[in-house]
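Student: Could we go through this model together, starting with the pockets? I'd like the cut-offs spelled out as we go.

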Amino acid sequence: MTLTDVPAPAWAGVTGVLLDADDTLYDTRSAMHRAGTRAAAALWPHADPVRSQRAGIRFRDDPEGHFAAYTRGEVEFAEMRRARIAELATWLDQDVDDDLWDAFEAAYEPAFLGALAAFDDVAPTLDALRSRGCVVGVLTNSSGAYTTRKLAAAGLAGRFDVVCSRDTLGFGKPDPRAFHEACRRLGTDPARTAYVGDELRTDPLGAADAGMPAAWLVRDGAPDASGSNLAAARGLPVVAGLGEVLALVAGDLGAGERTGSIFPRFA
């Protein structure tokens, strides 16, 4: 039996919860789409208008995999960011020069942070978990400094016991060391620390392979068939919102089940 055949540990006795950040705590996808499109319009007003309207989607999708390289520790955050901006400029048939990086960030960052907001289920879930005696932290593959700014923009500053990022740990998800070190900093046993995130292989599967109970967060619509089958085979609950984490901690939601979120999604 291989590691990926081993079912995730049970949620009984969970004393700590680690959460992914982007698209788990706040709607990063939508904010990136808006900000990327706005930045492209500001920097390259004469670019192909059809492509310009998709600039934010392109920037977020990162087709060349620069963010994945950052997650693996192959490049630093600033280098990753510059590569993604250069790829976007090239896709729009625009020049890449020494002034591009600062100009893009000046147009992008205010729009991105201004559009970032926490999902409505985050604050009540955090309060309810703490009322049950759980400690709660964040484990993200983004950078520490950037995560601090995003949490503040989303109104979540100071809400977590620990915030662990790829650069603060030196390695990122799904590396088991990332999950184990985050648990160490949280002060909890991995087997009694649950993890919830929206990227199936990076988040819940990575956590399960690290010996942690985990759940796959799918906020919009139904999970795809292959992902749903894989989650069920591994004993991973599929949740529509963070409110369902409370049911998991209480033992009221089983593996492979998915119900309506207890709290509404941020609109």
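Student: How much space lies in the second largest pocket?

Tutor: About 320 Å³ of space lies in the second largest pocket of this predicted model. A pocket here is an open set of points on a 1 Å grid over the protein atoms alone, with protein on both sides within 12 Å along at least five of seven lines, where a 1.4 Å probe fits; lining residues have an atom within 4 Å of a point. Grid points are joined across faces, edges and corners, and the volume is the space filled by probe spheres set on the points.

Student: And which residues are closest to its centre?

Tutor: Of its 15 lining residues, Arg29, Asp198, Val218, Arg219 and Asp220 are the closest to the centre. Helix H1 and strand E5 (214–217) each supply at least two residues of that lining, where helices (H or I, at least four residues) and strands (E, at least two) are DSSP runs numbered from the N terminus.

Student: What's the make-up by class?

Tutor: The lining of the second largest pocket has five nonpolar, one polar and nine charged residues, with Ala, Val, Leu, Ile, Met, Phe, Trp, Tyr, Cys and Pro counted as nonpolar, Asp, Glu, Lys and Arg as charged, and the others, Gly among them, as polar.

Student: Before we move on, how are residues numbered, and what pLDDT is needed?

Tutor: Residues are numbered from 1 along each chain as its sequence is written, and side-chain values use heavy atoms, with hydrogens and water left out. As this is a predicted model, local features need pLDDT of at least 70 and side-chain atom pairs count only at pLDDT 80 or more, while totals for chains, interfaces and linings use all residues.

Student: OK, what about the largest pocket, what volume does it have?

Tutor: The largest pocket has a volume of about 700 Å³, and it is lined by 32 residues, with Arg60, Phe67, Arg84, Asn141 and Glu199 nearest its centre. Its lining has nine nonpolar, eight polar and 15 charged residues.

Student: Which helix gives the largest share of that lining?

Tutor: That is H5, with four residues; the helices that each supply at least two residues include H1 (28–43), H5 (77–91) and H6 (100–115).

Student: At what angle do H5 and H6 pack?

Tutor: H5 and H6 pack at about 90 degrees with their axes 10 Å apart, the axes being lines fitted to C-alpha atoms over the stretch in contact and the angles running from 0 to 180 degrees between N-to-C directions. That makes H5 roughly perpendicular to H6, a label for angles of 65 to 115 degrees. On the H5 side the contact (heavy atoms within 4.5 Å) includes Arg81, Ile85 and Leu88, and on the H6 side it includes Trp101, Phe104 and Tyr108. Those contact residues divide into eight nonpolar, no polar and four charged.

Student: Switching to the sheet, in what order do the strands come?

Tutor: Six strands form an open sheet in the order E3-E2-E1-E4-E5-E6, with parallel pairing; two strands pair if DSSP finds at least two bridges between them. The edge strands, each pairing on one side only, are E3 (162–164) and E6 (238–239). E5 and E6 pair over two bridges, and Trp216 stands opposite Val238 in E6.

Student: Where is there a cis peptide bond?

Tutor: A cis peptide bond joins Lys173 and Pro174, with omega about 10 degrees, and Pro174 is found in the loop between H9 (166–169) and H10 (176–186). Most peptide bonds are trans.

Conventions. Parallel < 35°, antiparallel > 145°, perpendicular 65-115°, else oblique.
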